[in-house]
Amino acid sequence: MKKLTSREDLIKLRRECIDIAEYETKAIMVCGGTGCVAGGSLEIYARLKELMDEQNIPVDIEIAEEPHGEVVGLKKTGCHGFCEFGPLLLIEPQGWLYTKVKLEDCEEIVEETIKNGKPIDRLAYQMNGEIYRKQEEIPFYKKQTRLVLEHCGQINATSIRSYLSVGGYSAMEKALFDMTPEEIIDEITESNLRGRGGGGFPCGEKWASCRKQKEFPKYIVCNGDEGDPGAFMDRSIMEGDPNRMLEGMIISGIAIGANEGYIYVRAEYPLAVERLRMAISQAEELGLLGDNILGTDFSFRIHINRGAGAFVCGEGSALTASIEGKRGMPRVKPPRTVEHGLFEKPTNLNNVETYANVPTIISKGAKWYRSIGVESSPGTKAFALTGNIKNTGLIEVPMGTTLREVIFDIGGGMRGDAKFKAVQIGGPSGGCLTEKDLDIPLDFDSLTEAGAMIGSGGMVVMDDKTCMVEVARFFMNFTQNESCGKCVPCREGTLRMLEILERIVAGKGEDGDIELLEEIADLVSHTSLCGLGKTAPSPVLSTIKNFREEYEAHIYDKRCPAGACSKLKVYTIDPELCKGCSKCARNCPVGAIHGEIKNPYEIDQSVCIKCGACISNCNFNAIREGA
C-alpha cells in the first residue's frame, strides 16, 4: 500500500475503496468472532472459498487495490452478536442471516444462494413457526441500535481498506484538519460521552484536565483488560472493528497533545491481539499512524501490551504500573492518572468502547449523539447478555432501554420458559436486580440508585433454580482471588466474607452471619484503597437486600430453596419403590447406604456426601433428591 502524505491522498483512497466495494454483487460475511470461530466458522470460510474457486466464481477476500469486474465478496468479519445461534453467515445485499451453519451446508449455500440467488429457509432463524430471513427482522436485532458495533459483522475485520470503504478515518481527518484541540474536547464535552468502562466519568472533563497539564510527554492508554466474568464487549470490538478504536485513540491524541498510545489487552484474547496488530501495521503502512500523519506535524504511534489476566489491572493506576513492567497494584490517589499516570506523566485512560464512540461523535456532532439515549447518559451501551436466557450474545441498545426490553424482547425470555429470578449486572462490582426492577432504565444514574451499576456491561440472567447465596459466594470468591493484597480491608475483609458464605452454602451457617456479612461489607467498601475493594461487597449486599429469606433458609433451616447447593441436598429412598437390589449401596463411594437384599435400603445422612451416584445407579426411580 502506498503511503498517504496528504488529506487529498486519504480522500482519494477512501473514494477508491468505496467504488471498488460496489463491484461486489454479493457478499458472504462469515462471523469471525471468538464464539463462532470456536464453532468452526473458519473451516466454513475456507470451504466456501475452496468451492467458489473450484467453480470459477470470482471472489474478493478483501477490497482489491484495482477494480476487476463483478465479484463475490467473502469476508471474515467480527462478532455478529447472535452468539446463541452461531456459526453465523450474513448474505448481502439481501441481508439474509444464516444461523447454526455447518461445514456440510457450504455446497448448498454456494449452489442455491451464490449461484441462484435463493434463500435457504432451513438456515434462517425461526421462532413460533415464523421464518425470519433478514437480520433486521429478527427480534434479537430489531430493538438494538448498533453504533459502536455497526461495522462488526458488516466489514472485513482484517482489512483497513474495508474500514475505509465505510468512511473510516474521516473523523480523524476532520479532527486533524478542520478542528483545533480545544474544539475536539468541546465536542466530546458537549456530547456528554461518559466512560463505558464502568465508572461513567465524563470524557470531556477528563480530556480537558489532561490537556491542561504542562508536563510532556503525554500518553493515551486504552483499557482492553475486560476482566468481568461473562463480559466480551471490548473483545468483540477489538476483533471486529479494530480501526474504529484506533481512530478514537488518535483523535484523543490530537486533542490532548499526546504522540504515543498504549493498548492494554488481556493475553487471553489472542484473536483481538492478532487483529489489533494487523490494524496497526496497515495504518502505519498507509501513514495513518507514525510520523507526520498525512503531511502534518502531528505524529502518533500505538503499542500493544498484553496483560496476564489480573482483574485488578482494570484499575487505572494498576494498569499503568503493569505497562511499566511493575506489579499491577493500585496506588493512593490523588494525584489522578491525568496528572500522574504512565511513566509518571499526564495520561488519558479510557476503555475500548469509549474510544470507539469518539469517531461517530466527531463525524456527526454532539447534538446528534445526544439525540440517542437519555439526557444524563446519551448514546448507546453494549452488553454481553448471558445466563439462563434464550438468546445469549452481544447487544447494543440506547441508554435508557429497560431491563424488561433487554431480557424479554431482545433476549427472548427465560430458557425453557422458566421463571425470571434476578439479573446480575456490572460483574463482581455490580449488584442483583429482581422482577420489581425490570422497568428500570439502563443508564448510569438509574442503576446506581437501584443499588447496581452498568460496569463494563456484563449481564447474567438467572432463573428460579439459581441460588442467590451461591451467586454471592461465586462473585466473592472471584474478587478475593483477584485482590492484589495491598490493603488490609480488601485482602482480609473479602477473605472473611468468603469464609462466611462458604459456611452458609455448606449448611454450617450460624445465627448472626447475615449481620456479620453486612458489618464487614461496610468496612471493606468504605476503607479499601481502590474500586475493586470498594465495590467487592456489592453482590453480597444486593442479594441480602433482595433475597434475605434465602440466606435465612440456609442458616436456620439448613435448606437451599433453589435446590442448588449440593451440601444441603438430601437423598432419600422411597421404601414403596425400592426393590432391595443393593445396586445403590454397591456404588456408593462412602458406604452411606445400608440394608438387606430384597428389603428397602436407607441412606445415612451423616455419611452421605451428596454425590448423586445412588440416583444414577437406581433402576427403579426409588431415590429422591430434596432440599
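Reply: The model holds an open sheet of five strands in the order β15-β14-β18-β16-β17, with mixed pairing; strands are DSSP runs of E of at least two residues, helices are runs of H or I of at least four, and both are numbered from the N terminus. Two strands pair if DSSP finds at least two bridges between them. This is a predicted model, in which local features need pLDDT of at least 70 and side-chain atom pairs count only at pLDDT 80 or more, while totals for chains, interfaces and linings use all residues. Residues are numbered from 1 along each chain as its sequence is written, and side-chain values use heavy atoms, with hydrogens and water left out.

Me: Over how many bridges do β16 and β18 pair?
Reply: Strand β16 covers residues 420–425 and strand β18 residues 458–463, and they pair in the antiparallel sense. Within this pair F420 stands opposite D463. The pairing of β16 with β18 extends over five bridges.

Me: Which residue of β17 is the bridge partner of Q424?
Reply: β16 and β17 run antiparallel, joined by three bridges, and they form a hairpin with five residues between them, where G426 in the turn has a positive phi of about 95°. The bridge partner of Q424 in β17 is C432.

Me: How many residues of β16 are buried?
Reply: Buried means under 20% relative accessible area, exposed over 50% and partly exposed in between, with a 1.4 Å probe and protein chains only. β16 is largely enclosed by the rest of the structure, because the buried residues number six of the six.

Me: What side chain does D241 join through a polar contact of 3.2 Å?
Reply: D241 is found in the loop between α10 (233–240) and α11 (242–256), and D241 is buried, with a relative accessible area of 2%. A polar contact is a pair of N or O atoms within 3.5 Å; within protein, one must be able to donate a hydrogen and the other to accept it, and residues adjacent in sequence count only if both atoms are side-chain atoms. The side chain joined to that of D241 belongs to H151.
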